[in-house]
Amino acid sequence: MKLSERDGQLRLLDRLYESSARGKGAVVVMNGPVGCGKTALIQAFAERVTEQGGSFVSVTASAGERLHHFGLIDQLMNAVHAAGTAVAPFAAEDFGVAVAVGDPHGTPRVPLPLLQWISRTVCESVGKPLVISVDDVHFADEPSLECLRYLIRRIDSSAVMVVMNESSCHERELATLHAETLHLPYCHRIRVAPLTVPGVAEHLVGQLGPAAASEDAASWAEVSGGNPLLLQALIEDHLVEDGTTRAATTGGPTPGESFRHAFLRCLHRCEPSMLDAARALAVLGESASSSLISDFLGEDARSVPRSLTDLNAAGLLSVDRFRHEQAQLAVLADLAARDVSGMHRRAAELLHERGASATAVADQLMATHGSDRAAWRVDTLREAARAATASGGIAQSVDYLRQASGMCVDATQEAQVIAELAEAQWLIDPSRAARHLRQLSSAVRTGRLTGEGAMVPVKQLIWRGEFAQADSLLTAMEAGAGADPGSAPGGTAASDIATARLWLSICCPEPARHEGETGGSLGHPSTTPGPMFALTLLNLSTRLSEVGEEVQGADQVLHGTHADSPLTATLLALTFLIQTYRLDEAVRWSERLLQEPWIRHVPMRRALLETARSAAALGKGDVAEAAEAARTALSLVTPAAWGVVVGLPLALMIRASIELGDLDAVTTYVKLPVPAVMFDTPFVLPYLQAVGRHHLAMGRPQAALTNFQSCGDLMVKWRIDSSELADWRNDAAAALVAMGRTGQARTLIEEQLSRLGDGRSRAKGIALRRLAATSSLRDRLPLLHEAVYILAASGDQLELKRARADLEDALDDVLDAHDRVGPPLGRANPLLTRKVPSPGRQGDAASSPGACPGDEDAERLVAEEGEGTPVLAELTDAERRVGSLAVAGCTNREIAGKLFITVSTVEQHLTKIYRKLKVRNRSDLPTELMVFADTLCSPNGR
C-alpha cells in the first residue's frame with residue numbers, strides 16, 4: 001500500500017540502512033501520536049530491507065507485559081535466533097538474575113555480563129545487515145530498556161540498525177532512553193504527524209478512486225483529524241462487504257462501527273490520563289473546559305491541559321472537542337453502565353455550582369436516568385424546558401418536564417410541572433395533552449395549582465369544548481376567601497381569570513345555556529355581555545381599524561413578536577391586517593413568522609400561523625397558496641386535535657379547493673368528522689358557510705341555502721351578526737338566484753346593504769354585484785362599476801374578477817340593446833367595445849376619490865373616435881365627468897360635492913350636455929358616459 005506524505009521519512013531510513021550495511025550502525029527514534037502510521041511506515045521499510053538482502057527483526061512491547069522483566073529482550077533474542085543466527089537461548093537466570101513478574105518495586109539491576117552478552121550476540125553473530133524494529137518501546141519493561149540502551153551505545157561500528165517506535169504521549173516515560181541515545185551522532189529522530197488535507201486526498205484516491213476524493217477530502221480530513229488509522233476505518237465504513245463503494249460516494253464520510261472501534265483503539269493505546277480526559281470530555285459535552293475536567297477528575301490542573309493537547313495532536317480532538325458525535329458516543333459506550341449515571345450526576349452538580357446554563361445542567365440530569373429529588377434539579381429542568389420551547393425544541397422541552405415530574409419534592413411542585421408539561425405537549429398535539437386534564441383540574445380545585453399554571457387546564461378545556469368544566473374551574477378560583485385585591489384566591493391573577501372568561505364567552509355565546517348545570521357563572525348576565533361577539537378578537541380588530549393610530553399598533557405587535565410573546569396577540573394583529581384589506585402584508589408577515597425556529601419547529605404554533613396565512617391568501621384571491629397553507633395546518637395537527645377550532649382550517653381548505661375546482665378534495669374534507677360541540681360555537685359559522693358553498697358548487701342550491709340560513713340563524717341568535725365573521729346573506733342570495741327566487745334574493749341583498757351602511761367593505765362590493773344580477777340593465781352598470789371599485793380596494797382578486805366579468809357582460813348587453821333600438825352610436829364605436837377599466841393598486845379607489853383608473857383609456861378612445869361619432873368627442877372634460885355621474889344616478893347636489901363645484905355649475909354643464917347630445921333630460925343620457933366616471937354614487941343615494 002502506498003503511504004501518503006511519508007516519502008521523506010522512507011528516504012531517510014533508506015540512507016541510514018545503506019550506511020549501516022557498510023558497517024556504520026544507526027539508531028532511529030520514530031515519534032508521533034497514536035494511530036498516525038508509525039507501524040505502517042516501519043512495515044514499508046521492512047519490505048525494502050528484505051528486498052535488498054538484509055535481515056529484519058521486529059519486536060513489540062506491550063503494556064500488559066510491562067511488569068514482566070526482560071520480556072522485550074526475550075522477544076528480541078528469540079527473533080534473532082529465528083532469523084537464522086546461531087544464538088543460544090536467552091535465560092537471565094544464567095547470569096544470576098532473578099526474573100520477577102508483577103513486582104514494580106523489584107526491578108533488578110542488569111549485571112554487566114548479561115549486557116555484554118546481548119550486545120555481542122546481536123552485533124557479531126549476524127552475517128548480513130540487521131535491522132531491529134522495536135514497536136511501542138514506551139511499554140517496554142525497565143530491564144529490557146537497560147539492555148536496549150547498552151546495545152544502542154555499541155552499534156556505531158556494526159552492521160546493525162535499531163528503529164524504535166514510540167508514541168509522543170509517552171515521551172515522559174522514556175526520558176532516560178532519550179537522555180542516553182538522542183545525543184549520539186548516529187541517532188536520528190523522525191516525527192510522524194497526522195496527514196494534511198492533500199495527504200488525505202492522496203490516500204482516498206488510492207482507496208476509493210479519484211471521484212470519491214476530488215471534492216470531499218476536506219470533510220474526510222475533518223472527521224478523521226488526518227489520523228491514518230481513523231481515516232482507514234472511515235473508508236472501511238464507506239465500503240460494503242463486496243468491496244464496492246456505496247451509492248453516495250461523494251457525500252463525505254459517515255462514521256460507523258469501524259470508526260468507533262478504531263477511535264477506542266487509539267484511546268486505549270494512549271496514556272491513562274488521556275483516556276480519563278477523553279471520558280470526562282464525553283460526559284461533560286459542550287460545557288467542558290480544562291478546569292472543569294480537572295475538577296471532575298480531581299486531577300492536577302497541569303496534567304489535563306497536557307492530555308488535551310496530546311489528544312488534539314493525535315487528531316482525536318479538534319480544539320478540545322470531539323470531531324464527530326460518533327466519537328463521543330463511542331467513548332460513552334465504552335464506560336461501564338454502573339459508572340455512567342454517577343459521572344453525569346457529578347457533572348450536573350459541578351455545572352450547577354459553576355452557574356452553567358440550565359440547558360447544560362438539564363442535559364446532565366437527563367443522562368442520569370435517576371429520580372433524585374431536589375428542588376434545584378426540578379427548577380433547572382423547568383428553566384431548560386422554557387428555553388427549549390423558545391428555540392423550537394418542543395420535543396426536548398417535553399423530555400425535560402417529564403424528567404422533572406419524577407424529581408418533585410412535593411405535590412404543589414409536581415402540579416406546576418405537570419401543568420407546564422401539558423402546555424408543552426399541547427403545542428405538539430392537543431389530544432395528547434388531554435391526559436393530564438383530570439389531574440390538573442383536581443390540583444386547581446384543591447389549591448395546589450395556582451397562577452399561570454391554573455389557566456392551563458382552563459384553556460385546554462375551552463379548546464376541547466368542555467365549557468362547563470372550564471367554568472367550574474374558574475368558579476373555584478374565584479370562590480376562595482382572603483384574596484389579594486389584584487389576585488383571585490390562591491394567587492391566580494384576576495386579569496388572567498377575566499381573560500379566560502372572555503374566551504369562554506367567545507367560544508360559548510349561547511346565553512345562560514349551562515345555568516344550573518354546575519352552579520357556575522357561565523352565561524350569567526354579570527359575566528356575559530349582551531352583544532357577545534363585540535368582545536371577540538374579530539370585532540376587537542374591527543374596532544382597531546376605526547382608530548388610525550392602531551394601524552401602527554398592529555405593526556408594532558408583529559415587529560415585537562418573539563418566542564416569549566403571546567401568540568394570541570400576533571394572530572390578532574394578523575386578523576386586523578386581513579380585515580383592513582392589508583392582505584399582502586398579512587401574507588408577508590405570516591411567511592416571515594413561519595421562518596422563525598420557535599414557530600417552524602412547533603406544530604401547533606405553525607398550524608395556527610398557516611391558518612392565518614391561508615385566510616390572508618384566500619382573501620386576496622391566491623387560492624393555490626390558501627389551499628397549500630390550510631392543507632399544511634391540517635397535516636401538522638390532525639383535525640381531531642383541533643378541538644372546536646377545527647371549523648376554521650377546514651372552512652379555508654374547503655373554500656380554496658372549491659375555487660381550484662378540486663371537488664374530490666372538497667368531498668374529502670367535508671366528510672371529515674368534527675366534534676358535535678363545535679356546532680355550539682362561532683367556529684361552526686365559517687364551516688357552515690364553506691359546506692354551503694360546496695353544495696352550491698355541486699348544483700344543490702336548496703342544501704346550500706339550508707346551510708347559509710343555519711349560519712344566519714345562529715349569528716342572529718348569538719347576537720353576533722357580522723358580515724366580517726360570515727357573509728351568509730350574500731351566499732344565501734346566490735343560492736336563491738340559483739333556485740330562480742330572484743325577488744327573495746333582492747330583498748335579502750337590500751337588507752345586507754342597509755346593514756353595511758356607507759362604508760366600503762368587501763361584503764358591500766359583493767352585495768352590489770349580487771344586486772346587479774337582480775336589477776335592470778340600466779341599473780346594472782352603475783352597481784357593477786361601484787362593486788369593481790370597492791372590491792379593488794378590498795384586495796379580493798377573486799370577487800373583483802367576478803365583478804369585472806359581470807361588468808363585461810353588462811356592457812355586451814348594452815351593445816345588444818343599442819343594436820335593437822338603433823342608437824346614434826353604432827357597434828363599431830370603440831367606446832362601446834372598450835374593456836372594463838382595470839382598477840389601480842390595492843387601496844387606491846378607496847383612498848383617492850379623484851383618481852379614476854381607466855381615464856387614460858377613455859381619453860384615448862375618444863381621441864380615436866374619428867368623424868363618424870363626433871357627439872361625445874365634442875364634450876369637454878368637465879362635461880364628461882358631470883354627465884357620467886348623472887348617468888350613475890347622482891343628484892345635482894351629490895355631483896357638486898364629489899367634483900367640488902357649485903350646484904349652479906352642475907346645472908350649466910348639464911344644459912350644455914343636453915344640447916350637444918340632443919336629449920331632453922338625464923334619463924335620456926347614453927350609458928356610454930360611464931367610462932368617464934372618476935367616482936360613483938351609491939345606488940339609491942346610499
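**Figure 1. Phe-70 in the loop between strand S2 and helix H3.** Phe-70 lies in the loop that runs between strand S2 (55-60) and helix H3 (71-82), where helices (H or I, at least four residues) and strands (E, at least two) are DSSP runs numbered from the N terminus. The model is a predicted one, in which local features need pLDDT of at least 70 and side-chain atom pairs count only at pLDDT 80 or more, while totals for chains, interfaces and linings use all residues. Residues are numbered from 1 along each chain as its sequence is written, and side-chain values use heavy atoms, with hydrogens and water left out. Although Phe-70 is not a glycine, its phi is positive, at about 65°. Most residues other than glycine have a negative phi. With a relative accessible area of 2%, Phe-70 is buried, a term that means under 20% relative accessible area, whereas exposed means over 50% and partly exposed lies in between (1.4 Å probe, protein chains only).

**Figure 2. Val-319 in the loop between helices H14 and H15.** Val-319 is found in the loop between helix H14 (303-313) and helix H15 (325-334). Its phi is positive, about 55°, although Val-319 is not a glycine. Val-319 is exposed, with a relative accessible area of 70%.

**Figure 3. The crossing of helices H12 and H15.** The axes of helix H12 (residues 272-284) and H15 come within 9 Å and cross at roughly 110°, the axes being lines fitted to C-alpha atoms, for helices over the stretch in contact, with angles running from 0 to 180 degrees between N-to-C directions. H12 is therefore roughly perpendicular to H15, in a scheme where angles under 35 degrees count as roughly parallel, over 145 as roughly antiparallel, 65 to 115 as roughly perpendicular and the rest as oblique. On the H12 side the contact is made by Ala-278, Arg-279, Leu-281, Ala-282 and Val-283, and on the H15 side by Gln-328, Val-331, Leu-332 and Asp-334, contact meaning heavy atoms within 4.5 Å. The residues of this contact divide into 6 nonpolar, 1 polar and 2 charged, where Ala, Val, Leu, Ile, Met, Phe, Trp, Tyr, Cys and Pro count as nonpolar, Asp, Glu, Lys and Arg as charged, and the others, Gly among them, as polar.

**Figure 4. Helix H23 and its surroundings.** Helix H23 (residues 451-464) has 11 of its 14 residues buried, so H23 is largely enclosed by the rest of the structure. The buried residues of H23 include Gly-451, Met-455, Pro-457, Gln-460 and Trp-463. These buried residues pack against helix H20 (411-428), helix H21 (430-433), helix H22 (437-445), helix H24 (467-478), helix H25 (494-507) and helix H31 (603-619). H23 is followed by Gly-465, whose phi is positive, near 85°.

**Figure 5. The largest nonpolar core, and a second one.** The largest nonpolar core holds 194 residues, of which Phe-263, Leu-316, Val-458, Met-604, Trp-642 and Leu-685 touch the most other members; a nonpolar core is a set of buried Ala, Val, Leu, Ile, Met, Phe, Trp, Tyr and Cys residues joined through side-chain atoms within 4.5 Å. The largest share of this core, 10 residues, comes from H20. Leaving aside residues up to four places away in sequence, Leu-316 touches Asn-227, Leu-230, Phe-263, Cys-266, Leu-267, Cys-270, Leu-311, Phe-322 and Arg-323. A second, separate core of 40 residues includes Leu-72, Leu-130, Ala-140 and Leu-151.

**Figure 6. The ring cluster of Phe-259, Phe-263 and Phe-322.** Ring pairs link Phe-259, Phe-263 and Phe-322 into a cluster, where rings of Phe, Tyr and Trp (its six-membered ring) pair if their centres lie within 6.5 Å, and planes under 30 degrees apart count as stacked, over 60 as edge-to-face and the rest as tilted. By this rule the count comes to 6 aromatic pairs. The rings of Phe-259 and Phe-263 have centres 6.1 Å apart and planes at 40°, so this pair is tilted. Both residues lie in helix H11 (residues 257-268), 4 residues apart, about one turn of the helix, and both Phe-259 and Phe-263 are buried. Phe-263 also forms a tilted pair with Phe-322, at 6.0 Å centre to centre and 55° between the planes. This second pair links distant parts of the chain, since Phe-263 is in helix H11 and Phe-322 in the loop between H14 and H15, 59 residues apart.
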